[in-house]
Amino acid sequence: MKKNIITISLAALTIFVSLTSCERNLDQISSVNEAEEQAMTRPESFRQALDGAYTAFKTTGYYTSDTGNQLIMGDLTTDNLIITNSGRNSNAAASNFEFSSDNSQTTGLFSAAYAVVSRANFVMSYLNNGVVTGAAKDNVEAEARAIRAAAHFDILRAYSVIPTQNSPAVNQYGIYYSESYNPLNNNSSRNLTVDQGYQKVIDDLLIAADKITQNDADKGRFSKAAVYGLLSRVYLYKGDYTNTVKYGKLALGLSPSVTTLDNFNRIWKENEGLAKITDGVLFQISNAAPERNTVGVAYNQLIDGQYRSEFVADYDFFNSFAANDVRKTVYFTPATYNKKVYNHITKYAGNGGPVNIVPVKYLRTAEVLLNVAEASFREGDQVTALTLLNQLRKERYTSFTPGTEAGQPLLDAILKERRLELAFENDRWYTLKRLGLSVQRSGKGDVADGTGSKAIKQTLAAGSDLWQWPIPVTAIQANPNIQQNDKY
């Protein structure tokens with residue numbers, strides 16, 4: 001069989017693996033072109049190969065460019081965003097719930113995430129060759145498993161029913177869980193139920209949590225706190241609230257800061273050193289100027305000093321942010337384009353470097369806190385739920401007075417803060433989906449005062465099959481064993 005070659009090429013996502021030098025800062029890049037068996041005889045190659053797996057998160061369908069960028073897909077399909085007439089019409093089909101198996105807006109994640117999995121499995125395939133041993137080996141395995149689990153979970157929640165979405169969900173089609181490096185595999189199938197798929201993700205994360213020692217200050221690699229935090233996310237989606245609380249609290253114990261009121265602007269807009277800009281971040285997809293990966297371009301472009309937006313904030317959603325909410329000025333910039341004022345999304349406009357080139361915050365402590373608050377409420381512990389909610393609100397509102405909500409108003413307040421806090425971080429679509437709720441847009445237009453063009457589609461019923469995105473037709477053509485989702 002022809003040997004694979006290790007290279008920095010990002011085009012060959014399944015057969016080739018990326019190795020880079022100084023990849024975390026990308027100050028310089030060097031390629032190593034040699035047979036993989038030879039490359040993996042050096043301990044440093046394992047670190048480089050893991051960097052290649054992390055880098056694969058920055059490919060089309062995941063976190064790059066605009067079409068299908070997961071930084072925006074979880075919001076443009078909901079009531080958070082509305083498409084504008086002034087943009088390039090990117091992702092318009094997805095915004096209108098026109099999902100299809102040959103449209104990369106909703107199919108791109110499928111291939112991109114399995115490419116991440118393939119790179120993680122490549123590392124795992126050499127784990128027992130004797131080159132790395134002891135704690136170093138444990139850490140390599142832990143990072144690879146965490147990467148693999150994260151990508152599989154992203155596939156699961158997008159292309160399969162979420163366990164809490166409806167009662168028969170756990171026994172419906174899951175996904176193929178890839179546990180070996182086989183980039184030319186064409187005989188896999190959706191052989192696991194949803195419940196079995198979630199258990200595979202959890203199994204990988206539990207092993208990772210036990211073995212990981214990695215704790216980079218730049219947050220660009222998984223740490224123990226990040227793995228615990230991701231477990232809290234997965235268990236919340238699974239409906240296992242006891243373990244959501246357990247692992248969420250472990251994450252909060254290791255990384256308690258949700259970012260202070262004073263520092264919140266810095267983590268999105270400034271560049272004052274790692275301690276400031278990664279405060280409250282558990283895991284991020286590193287992104288630096290030399291990569292030219294303009295993740296924020298999915299929202300808008302800066303043209304002659306003006307923002308031209310693809311999507312802007314829904315009128316009602318924008319106005320749900322109180323005037324004393326620090327997030328309002330961080331996430332939005334009301335400004336004129338083509339003689340009309342829009343509420344532009346500028347959360348990813350820049351942090352002191354080139355426009356739209358910023359790290360992607362994949363998991364923050366604030367989300368974990370909200371996971372634990374919601375799960376605590378559902379477990380009957382309203383005292384903990386309210387305490388955590390007030391802890392977050394204290395760092396987001398000036399002149400804050402602690403809330404005293406109880407019962408349904410408390411749950412509503414937790415879910416409201418989740419929507420506000422995690423806006424434009426790929427959460428809203430999946431929160432509605434896991435709660436079995438419909439999309440109900442406001443009916444307002446795209447201009448800042450609520451006038452202008454309205455969304456073509458205003459609702460998506462909770463029971464619609466469209467909540468499960470279509471498997472790419474190209475994947476099914478290459479492997480007829482893969483079962484397509486209903487109604488595609």
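## Helix α14

In this predicted model, 13 of the 14 residues of α14 are buried, so the helix is mostly covered (buried means under 20% relative accessible area, exposed over 50%, partly exposed in between, with a 1.4 Å probe and protein chains only). Helices here are DSSP runs of H or I with at least four residues, and strands are runs of E with at least two, numbered from the N terminus.

Helix α14 covers residues 365-378, and its end C-alpha atoms are 20 Å apart, which agrees with the 20 Å that its 14 residues should span at 1.5 Å a residue. The expected span is 1.5 Å times one less than the number of residues. After α14 comes G380, with a positive phi near 95°.

## Helix α7

Helix α7 (residues 194-211) has 18 residues and reaches 26 Å from its first C-alpha to its last, close to the 26 Å expected. Its buried residues are V194, G197, Y198, V201, I202, D204, L205, A208 and A209. They cover an arc of only 160° around the axis, which puts them on the same side of α7; the arc is that of the directions from the helix axis to the C-beta atoms. An α-helix has 3.6 residues a turn, so residues three or four places apart point the same way.

The buried residues of α7 pack against α6 (134-159) and α8 (224-238).

## Nonpolar cores

A nonpolar core is a set of buried Ala, Val, Leu, Ile, Met, Phe, Trp, Tyr and Cys residues joined through side-chain atoms within 4.5 Å. The largest one has 133 residues, and F222 and F424 have the most contacts inside it. Its largest share, 13 residues, comes from α6. Another core, of six residues, lies apart from it and includes I82, Y337, Y342 and V447.

Contact means heavy atoms within 4.5 Å. Leaving aside neighbours within four places in sequence, F424 is in contact with residues including L71, D75, Y299, F317 and Y348.

## A buried loop residue

N351 lies in the loop between β7 (340-345) and β8 (360-364). N351 counts as buried because its relative accessibility is 11%. Not counting residues up to four places away in sequence, N351 touches W268, K269, E270, N271, I357, V358 and P359.

## Confidence and conventions

The chain has a mean pLDDT (the predictor's confidence in each residue, from 0 to 100) of 91, and 93% of its residues reach 70 or more. Over residues 1-32, pLDDT stays under 50.

Residues are numbered from 1 along each chain as its sequence is written, and side-chain values use heavy atoms, leaving out hydrogens and water. Local features need pLDDT of at least 70 and side-chain atom pairs count only at pLDDT 80 or more, while totals for chains, interfaces and linings use all residues.
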